[in-house]
Amino acid sequence: MGQHHILSISSDAIDLNREHNEALEMAIGKAVVSLCAGPPLVNMSSRMPQIVESRDVLGWQNAIRRAGDVHDTEKGVFAWSHAKLRSLDRLSIDELEEIARLVSTAIANRSNC
């Protein structure tokens, strides 16, 4: 049993750097490790320190984004909204209502099969 890090990786960052395979592999690996290993990185440049939730890859901003963590013994739901994968507790009421509509439609479609 263990902790799992939920990440999203922009395909643009990969596609635009595909000709630099070795550099791309190293940059992605470094970004993943920096987001997942050890204590959270903290951005101190703003008035309120914030945990770093994304990393750049070869100049592509926010190429890898952290959506959250889930332990083997937990259940979690993540949703893709506004070009980000996020846990439900990070979504607005409007986004949650839209997700509820999508889930209701999916349930109704399966019930009709």
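Modeller: Let us begin with a definition: a residue is buried under 20% relative accessible area, exposed over 50% and partly exposed in between, using a 1.4 Å probe and protein chains only. This is a predicted model, in which local features need pLDDT of at least 70 and side-chain atom pairs count only at pLDDT 80 or more, while totals for chains, interfaces and linings use all residues. Residues are numbered from 1 along each chain as its sequence is written, and side-chain values use heavy atoms, with hydrogens and water left out.

Biologist: Is R101 buried, partly exposed or exposed?

Modeller: R101 meets E98 in a salt bridge with 2.8 Å from N to O, where a salt bridge is a side-chain nitrogen of Lys or Arg within 4 Å of a carboxyl oxygen of Asp or Glu. Because the two residues are 3 apart in helix α3, about one helical turn separates R101 from E98; helices (H or I, at least four residues) and strands (E, at least two) are DSSP runs, numbered from the N terminus. E98 has a relative accessibility of 35%, and R101, at 48%, counts as partly exposed.

Biologist: How many residues apart in sequence are the parts that R90 and E53 tie together?

Modeller: R90 and E53 form a salt bridge whose closest N and O atoms are 3.6 Å apart. R90 is partly exposed at 39% relative accessibility, and E53 is partly exposed at 27%. Since R90 lies in the loop between β7 and α3 (93-111), and E53 in the loop between β3 (50-51) and β4 (54-57), the pair ties together parts whose separation in sequence is 37 residues.

Biologist: How many residues in the lining of the largest pocket are charged?

Modeller: A pocket is defined on a 1 Å grid over the protein atoms alone, as an open set of points where a 1.4 Å probe fits, with protein on both sides within 12 Å along at least five of seven lines, and lining residues have an atom within 4 Å of a point. The lining of the largest pocket consists of E53, S54, N62, R65, R66, K84, L85, R86 and R90, with β5 and β7 each giving two or more residues. Ala, Val, Leu, Ile, Met, Phe, Trp, Tyr, Cys and Pro count as nonpolar, Asp, Glu, Lys and Arg as charged, and the others, Gly among them, as polar. The lining therefore divides into 1 nonpolar, 2 polar and, as the number you asked for, 6 charged.

Biologist: What is the phi of N62?

Modeller: Most residues other than glycine have a negative phi. N62, which is placed in strand β5 and is partly exposed with a relative accessible area of 33%, is not a glycine but has a positive phi, near 55 degrees.
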